[in-house]
Amino acid sequence: MSLRETPQSVSVTTRTEMDDFGQNTMNDVLANTTGITVQKYETDRSEYNARGFDIDTFKYDGVGSPSGRPGVRGELDTALFERVEVIRGANGLMAGAGEPSAVVNFVRKRPTRDARASIGLTGGSWDTYRADGDVSGSLTDNVRARVVTAYRDGNSYLDRYEKERGVLYGVVEADLTENTLFTVGYSRQEDNADQNMWGSLPLFYADGTPTDFSVSTSTGADWAFWDTVKEDAFVELAHQFDNGWEGKAVYQYRKWVGDSKLLYLFGNPTRDLDGMFAYPSKFQSYERQETVDLSARGPYEVGGRVHEMVIGFNRGKVRPKEMSIFADFGGSRFTPIDSEQVFTGDFPEPAFDGEQEGSDWVDRYLGGIWPPA
């Protein structure tokens, strides 16, 4: 539906706006979107809220299903998107199952018939640099392609924290007939974070007074890291019929893999930083999502007037898996930490030979729409 026909609040962040304001991640875009709150657990996990509820439905080109795990690990780069749409409120009309918060729809870049190319170079504080490129054009009279790449590396205002990111996206469109369009695309994003935090800083000292740490203070250990790989692939087939109807079939595949060693510190310390505890853990995470979406829309005449009908079917499957491996401190998962190691990153890496916990489940979603409009 057009924005004018949509009976809810909608915000659209265009490619121009993302470029002008340096909104290179999903966090940047949503933090500047009306009614959306970005809540960061720490350096590499975020949660998005709207109208008092978590946002758990993220679509790509209008197709998707709710995520199988809460929050978002890592940061999704915006280099491969033409715009980002957010519809706020209960989303059953256009998104099926999901929280009554909002739906975020990422609209990917598509090939252009005319040849285009662009290169961007940026630099910032804490030795942060970014380069991105975008090339698009026709390969033959009936085939077009586009390739997008981006690379980012830099430090942070936080002590010791470093992060590197690489992005690659390719998409091909082919006119099978005058009225039939076939599209296939693939993207991959790798994030490598080092000396990152797990959890936040203590709010109060042991005497009940608020803590007053420097903004650069970090609990990240020298051996801590959090590496993630996101892969997306999609296939689309669209056809325009002579009677005004149009049909579309879409298959989307998404995979997220994470590997990390993290140090969590907790407790209410004295002003000398005594009384804190170390809770290290090793995590291996995986999530796979598959979605099939079939839709058709077109005009029909009843009572001397022309109406529009939309018919749709959507099936999604999400499988998250996670394994946690803890250290063993004499039968306990945590141990007191020396005051000189609390914020210096010097806590030694344990053997991670203690207890193990894991989860593995499958969520399935099925939906359809058959209303006259």
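**The second largest cavity**

Reply: The second largest cavity has a volume of about 90 Å³. The model is predicted, so local features need pLDDT of at least 70 and side-chain atom pairs count only at pLDDT 80 or more, while totals for chains, interfaces and linings use all residues. Residues are numbered from 1 along each chain as its sequence is written, and side-chain values use heavy atoms, with hydrogens and water left out.

A cavity here is a set of points, on a 1 Å grid over the protein atoms alone, where a 1.4 Å probe fits but cannot get out; lining residues have an atom within 4 Å of a point. Points are joined across faces, edges and corners, and the volume is the space filled by probe spheres set on them. Rolling a probe the size of a water molecule over the atoms shows where empty space is left. By this rule there are 3 cavities of 30 Å³ or more.

The lining of the second largest cavity consists of Y60, L76, L80, F81, R108, V167, L168, S187, R188, Q189, K230 and D232. By class, 6 of these residues are nonpolar, 2 polar and 4 charged (nonpolar: Ala, Val, Leu, Ile, Met, Phe, Trp, Tyr, Cys and Pro; charged: Asp, Glu, Lys and Arg; polar: the others, Gly among them). Three strands, β12 (162-175), β13 (180-194) and β14 (225-240), each supply at least two lining residues. Of the elements, β13 gives the most, with 3 residues. Strands (E, at least two residues) and helices (H or I, at least four) are DSSP runs, numbered from the N terminus.

As for the setting, the protein chain has 3 helices and 20 strands, and its C-alpha trace spans about 80 × 40 × 35 Å along the principal axes. Of its 373 residues, 43% are buried, where buried means under 20% relative accessible area, exposed over 50%, and partly exposed in between (1.4 Å probe, protein chains only).

Two backbone details lie in loops. Most residues other than glycine have a negative phi. R51, although not a glycine, has a positive phi of about 55°; R51 sits in the loop between β3 (45-50) and β4 (53-54). F352, also not a glycine, has a positive phi of about 50° and belongs to the loop between β18 (335-336) and β19 (356-360). F352 counts as buried because its relative accessibility is 10%.

Methods. On a 1 Å grid over the protein atoms alone, a cavity is a set of points where a 1.4 Å probe fits but cannot get out, and a pocket is an open set with protein on both sides within 12 Å along at least five of seven lines; lining residues have an atom within 4 Å of a point.
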